Every structure is written in C-alpha cells, then in structure tokens.
Amino acid sequence: MSIQLNALFSDSYVDISQYRDQHFKGNRYDQEKFLKQSNTLYVGNLSFYTTEEQVHELFSKSGDVKRIVIGLDKVKKTACGFCFVEYYNRADAENAMRYINGTRLDDRIIRTDWDAGFKEGRQFGRGKSGGQVRDEYRQDYDPARGGYGKLTQLQRVPQGL
Amino acid sequence: ASIEFRSPPYCGVFVVWVPKCCWLYGHGLVTLLSIKNTAKQTFQRNILFFQLISFARNRKKMSRRRHSDENDGGQSHKRRRTSEPIEIEDRLESLICRVGEKSTSSLESNLEGLAGVLEADLPNYKSKILRILCAVARLLPEKLTVYTTLVGLLNARNYNFGGEFVEAMIRQLKETLKSNLYTEAVYLVRFLCDLVNCHVIAAPSMVAMFENFVSVIQEEDVPQVRCDWYVYTVLSCLPWVGKELYEKKDVEMDRLLSQIDGFLKRRQKRHLPMLQVWTADKPHPQEEYLDCLWAQIQKLKKDRWQERHILRPYIAFDSVLCEALQHNLPPFTPPPHMDDAVYPMPRVVFRMFDYTDAPEGPVMPGSHSVERFVIEENLHCIIKSHWRERKTCAAQLLSYPGKNKIPLNYHIVEVIFGELFQLPTPPQIDVTYTTLLIELCKLQPGSLPQVLAQATEMMYMRLDTMNTTCIDRLINWFSHHLSNFQFRWSWDDWADCLTQDLEKPKPKFVKEVLEKCMRLSYHQRIVDLVPPTFSALIPANPIYVCKYNDESNNTLPGFAMAITVSDAIKNRATSEEILTVLKDVPNPNQEEDDDGGDGFNPLKIDVFLQTLLNLAAKSFSHSFSALAKFHEVLKTLTESDEGKLHILRVLYEVWKNHPQMIAVLVDKMIRTQIVDCAAVANWIFSVDMAHDFTRLYVWEILYSTIRKMNKHVQKIQKELETSKEKLEKQQLKRKDSGDEEDMEKSADEEDGQLEEQIERLQEKVESAQSEQKNLFLVIFQRFIMMLTEHLVRCETGSVDFNTAWYKNCIERLQQIFLMHHVIIQQYMGTLENLLFTAELDHHILAVYQQFCALQL
C-alpha cells in the first residue's frame, strides 16, 4: 500500500554536501558511507567568542547532545570559529540540519554539515597560521573572527610606523 | 504537429515542427529527450515529453532493441537517453505530483493536458497510475480538488479506469483503517466525497457509506474516540460535498445529522480542560473539535450549503463531467473495533485571532464559518506535507489559493501556533515552527513580522489563563526567535509586569525568556538589552559558588580537607588515591564509623564534589571530563540512595546560578549511573528545591529524566526483539537446509548462546520496566503529597487554593499524564488502587479522571 512517491519526499537539508575532508583516512566511498550514517555535525562560521554553552543550548533544540568539541587554533589553542556537535542518534542530527542550519547563533548565520566522525586532531584549524583555512585568505573585516584575514593582516600597513 | 516549447533556463523558444511524414523518431527523439533530462521535471516539459512519446508510439512501436542496451550499470539519470519504463514511471510521478503548482498555463489546461497523457498511457502503465493517484489522494490532501478533477476527467474518458480507481481507493481505505492511520483515512474519504462532485461516484452510494459510518455510534462497549472518528469524518466531508448530497438525498442526510446531533449531546467531554491552551473563554473560546465542527456545519446548512472558498476546478469541466457515467461505491462496513486500535485523541481548536485583529484588508472568516475550517485544514495539510523542507513549506503556505480574499498571514500564524501549542505534543518538534516562522518573515518582510509581533503581544496579555506547558513552549519559541533578530523587542511595553509579584505569570514569563536569551548569548548582553527597571527579572550571573574558596569559611568542617583534595587533584591523583585521602573525612551523621567509613557520608560528598566542580568549572567539557576521571570515587560515594540525593544537593549548591550547568551535569550523572532517575525525581520534589519548583529548568530536568528512562527501556526491548528474531531466523534456516544430524551439536550450542542472551535481556527488560514504573509512581506520589498539602493548608487558612503555584503544579501533573499516556496506561490498575483513590481531594482526582477520559 504505502507507495513511496519520490517526488514528494524531498529532504534536501539532510543531503550530504560536496565537501570531503581531505585528511579522511579511507576512500571516497567510505567517507560517503560514514557521512550518510553519521550522528555528528560540523558547525561553521561561529564567532571566536561563542561558547560551548551557547552551542549546547541551540543544538539541544533538535535533541539530546552527546558531545561538543570546540574547534581550536592549532597554535594559540583558543576557539577559532567552528565546532563539532555529536548527537545520540541520527534523527536528532537530521533535525538540526533541517532547522538549525542557516539560522543565527551569536548574531551570525551558522552553517552545519555532516561530519564522518570526530577523531582526535580534527579539533584543530588547518590554516597555515593555526586557525581555519578560510581565515587565511578572506579579505573582509570580521571582528568576531580576529578582524582581517591573516594574509590581509600581513599586507596591511601597520598604523603609526 | 506543431509544439511550442518555452522553458527557462533554455532561453528562447523552441518551436518543434514535427510533420507527420518526416518525424525521425530514432535519433531525433533521443536528442530532444536529452535536453530535458534534468532531475527536476517541470510540468510543461513532462507534458511535452509524453506528447512526443505517444505521438511516436502512434507512428511506430518502440523497438525492443532500444530497451536492451540501456541499463548502463544504473548510472545517473543524465546518462539515460531512452524512455525506459522506470524513467517513464518517474516522470509520471513527477507530472502527477506537480499538477496544480505555479505554471504559465492555467490549471484547467494543465489538467486537460495531463488527463490526455495519462489516458494514452493507461494501456501500459495503468497499475502504476492507479497507485500514484491513490498515493496523492492520501498524501496531498491540500490539493484534493485538483486530483478529483483529474480522476473525473479520466473517468469521463475511460469508465473502466474510473471503476478500478474507486475499488483501489476502497482497498486503500480499509488498509489505512487497519493500520491506525486515521488522519490519512479521513483524507481518503474526503477524496471519495469530492468524486461525487466530479460525477465519478453516485451520490446515493456515498450517503449509504455515511449511514454505515454514523451507525457506529450505536455500537456498545466501544471507546468514545472510535465513534468520534466516524462522526468527524462524515462532518468534515460536508463542506466539499454537502450541497450535492443534500440535493440528491436530503431526507437521509437530515436523518444522519439528527443522529449525529444526538450523539454529540450525550458525548462526554471530561478531557476538554486538559487540552485547552487557555482556560478562559474570552476572547476566543477554545472549543472541543467536534463541537466547533458541528457549529460550522450547522451554519453551512443554514446557508443552504453554499460554500465559496474551496477551489473547485471541476466546475470548469462540468459539460464534460456530467456526461460521464457514475460508479456506485461498494457497501462499506466499518471494520469492527479491535483492542489494538489507536484512534486519534480528541483535540481542541486553537483560536487566537478574529476579524477585529486584522486591521485592514480582507476580513477573517468567523470561528463558526466553514471557510475557517477549510482554510485551517488546508494549512495544516501543507505543513504536514512539507515539514522537512522549510523554504518550500513557507512558499506553499504563502501561495495558498484564494489568499487574496483572506488575511492569510493571520491564518498562517494562528495555524502554526496552534500546532506549537497542541497538547500533549506538537505534530513536529518545536524548533520546526521557529524556523518556519523565520522563513515566512524572510518571504514577507513587510507584513509577517508585524503579525508575529501582534500575536506575541496578545499572548503576553493572556498569560494568566494560558496552560503552563504552552507557556513553556512560548518561552522557548520567543527567546529563540529573538536570538535571530538581535534580541530586538520593545521591553518597555511590558513594564506592567514589574509591579506584579514575581511568581505571577507575566513577570515569570519575562524572567524565563531573559534566562533563555542569556543561554543563547551571555549575561552582559541581557543586562545591556533591557531597561534598568527590569533588573529584578534579569537572570543571575551564571558563576559557581564554592564555599571552600571563601577564606571566611575556614572554620567549616572539611575546609582543610578541601584544600588537600584540591591539591591531590591538581597533582593528578587517581580515584583510588582520592578515596584514600577522603577516608579521613569525619562523618557528621555518626559518632563512630560503624561501617568502616564506607557508608553515606554527606561531608565527603560535599568536600569532594565542591572541589572537583570548582576546578572543572571552566566549561561543560571540563566538568564532563572531571566526572569521567573520578567516576569511581563518585560511584562509591553515592552507593546509597541518600548519597545519590546528597550529590544532587551539592551540585545545586555549587551551580544554583547556572541552571543550564545543573541540567547537563544531572544528565551526565544519570547516563554514567552516578545517580538514578528516581533520585532525581525525589530531589526535585524535595524541600531543598521548593523555592525553584516553578522554574522552567527544573521541569526540563524532570521531563528529560523521564525521557531517558523511557528510551532506556525501549532500547533494551529492541535488543531483546532483535535477539529473538535472530534465533527464529537461525532455527528456520537450519530447518530449511536439512542436514540435521551434522548440525545438531553446533546447533544446540548456537541456539544455547542466543537463548542465554535472550534470557539475560528478558531479565534486563523486566528490571528496566520495573524501574520505569517505579519512577512514575514516585513522581505521582510526590505530586499528590505536595498538592494535598497545599489544598489542606489553604482550606484551613480559608484562602483561595488557586494560586499561581497551584496552577503551575497541577498543570505539570497533567502534562506528565499527557506526554506519557501510552506507558502510564499500563499502570492504571496500580494508579487507581494505590494512588488516585476516592479519598483523594477531588481537584487532584479530576486530573486522573480527565486523563482516563481521553481514550474512552
């Protein structure tokens, strides 16, 4: 009886994105399999000042949160604007993708994406300066993410010299 | 044939002139098809596709050779260049699902085109088409009349198909009823009714079905909710088909309505107060759903069944449809009541707006107008169809047909809040509605935010009579919503709450909202946000309190020990070492340590936990690590029930300014079995927590605790089921494969292992279920004690018992019943005999009786 009408069961917010972790240990097929079964989300575009408490409050709205790992600058060991949120089950993570992705935290539109699973070491930024790669090259001024991008900072003429 | 094909993103117009004589159906067809092979099949493109296909088919049969060399390893659709059966089925699905959506052509011409295409495809794809049409009847009720018109057109062209469709629908109806899919069953019956309007089904046979439905109210010893459903179904179809049925069979219909009237008059509605969002009747009574619908139908009848809101595409096809032959519905007997039937629970119609609230523009239909019913039904259906896709959902809501004649934004906001506040639980999780409203604000920035602000203001004004659980949801919605809009709000407008006692609903609401806003931001943000006059409502700065940090406390017992423990932890002591250190802590409860220092020692717990939490206060993760590292110590200290209770007390003492931290630590302690659920329940109801008893965070902890308990039981039950299935499969497999002699020995072993596992799991399940029952009993017991105490005190003091505290408490009890009614129903015997006995104060007993009334 229950015919699945593909045309009706669109769930685009839950689909995996194009991003693949280049450091993933395994082939593409494995990574996709993990992404499709994962209970863990990557969360990006956070302010450097956003706390674990704030992330917990927001992401608890789609279910019980098992663990949050705040992303850190590899050198400074301070928050550098991303984190991982792991749920106890996939359904709760899917609801976060449907309803929390693309809304605001600390006045910033945050972005969630599936993650193959947290492994030690993945909490560090992979940019040359220690933060996230995106903060190396961006040219805008973002006070919540250390001001200008790292490259731009080096290029700017220092004041008062 | 000349076919114009105009479609973005292909700029320009393709005019394909296909002279009959030189149509190159081979390569030419492939080229044309490959243009259109995109994942999203637009309606026009698909129509064109099918017209081409059927044209080509008329010219020549499709070669078999073509079909054999596709299936190139199941690659993406882009690779397919031929019209395989599967692709045609996908396109058929897409065509049918999309008809009625925004289009450059009129709905009528799209329906006409689609009917032609489907008719042509009947010889090859009849069963698929039947299944798709049955599915959309069940799953797209908001487009009901579009699809009934389509079926009407098909029936006019092909009488047999019409008959087969009706038969398929009846089969589907029987199956949905058997599977407890009562909401979908209503949609199916409504579809059948509208087919009367499309000349597919003869009116008298529909009336006969209605008569069978209504006869259910004569059944004896059946739950009232069973009769409710059949009555509701009949009434809810009348806006669509009342006129037609009355024209043909007015005597029979009058008889039906009078039978329904009698049923509604004697029907009991003890459950009503439990389900209402507001307890006040002003400004809008929160009506029982059947009462409201009855009033709407009565009014419709008075208006001689003139209904002008529903979109009826079949009217444009009247000349074609009235030529069609109609079918008679086979006699339909409602399936008998089974014990495992789960009928829909009664509900209350949520109303917050009326025509006075929409200041300009179209007037809102009255609460007892049938238009109101149809609009609300359709909006609910849209949300039900599109809840996963918030942007689509918002767009579909805002493009509701006939939107220019109604204050659509008000209807949408009312329907959404109606779902959010629905008791016991909303149809979707709460956050769905927050995000949906944000999407709606994005699409209508000039009008929707104002309606939302107006709604918020109205709900604030009516907080005094709003159900506590609904206030909780309002708090969560409003704070989350504000966090997406820089917390901008005219707080001064709510200055009236500052003069009230802090336990009153309005100041309490503002206080809780600010606390949640703080959780999504930080303390200083809230301080800067509100006028200084609101300072009493600002949440506390969420910092910990450790009495052993304060030098002035150095005379406290344990003060010196706290320093020792702190140093030990900083020097990376192990659990064992810590326990050794703690052995020297005196026990204030006993003169001598008769059990060798291992019994319940509140001072040990105090010293250790305060110190640990102090050191780990930096973040949640730090605290979790600390609990994990010294798990052994904590387990040892909390072996007894008193130990478990005390650890919670100490936790509260340290973190009372940071309720969020308390909640996550309690959660962690339950999950790591440092405390159990019953301990948490007892702690919440203890005297120590009395002053925080009405605070939202306390209830969030209790609800979360019950949820964890339930999930735990479910998990083990699932494990048991899986093991049982595995054993069955194993035994079946062996039976099938023969070879019994060889297998017997290893079979016994294999079986034995599984059987042992099953036995262990069975024990685990029983123990978990017993713990679960105990938890509920503890909670109910404590509720009864607290409420009775309060009622007695008020009576002896001759004061009104109905204080803000009482309302809060009794509505929380109601909510526990509602949220977990399936599980609690297992305990009815115990509850009636032990707890909710006749000696109980009637106010408390009423809650229990209302709960029982829900499924009678």
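Buried means under 20% relative accessible area, exposed over 50%, and partly exposed in between (1.4 Å probe, protein chains only). This is a predicted model: local features need pLDDT of at least 70, side-chain atom pairs count only at pLDDT 80 or more, and totals for chains, interfaces and linings use all residues. Residues are numbered from 1 along each chain as its sequence is written, chains are lettered from A and ligands numbered from 1 in the order in which they are written, and side-chain values use heavy atoms, with hydrogens and water left out.

**View 1. Leu840(B) in its loop.** Leu840(B) lies between helix 34 (828-835) and helix 35 (842-853) of chain B; helices (H or I, at least four residues) and strands (E, at least two) are DSSP runs, numbered from the N terminus. Leu840(B) counts as buried because its relative accessibility is 14%. Contacts (heavy atoms within 4.5 Å) link Leu840(B) to Ile784(B), Leu835(B) and Leu845(B), not counting residues up to four places away in sequence. Ile784(B) is 56 residues away along the chain, with a C-alpha separation of 8.4 Å.

**View 2. The open sheet of chain A.** Four strands run in the order 2-3-1-6, with antiparallel pairing; pairing takes at least two DSSP bridges between two strands. Strand 2 (65-72) and strand 6 (111-115) of chain A each have a single partner strand, so one side of each lacks a neighbour in the sheet.

**View 3. Strands 1 and 3 of chain A.** Antiparallel strand 1 (residues 40-44) and strand 3 (residues 79-87) are joined by 4 bridges. Val43(A) has Cys83(A) as its bridge partner in strand 3.
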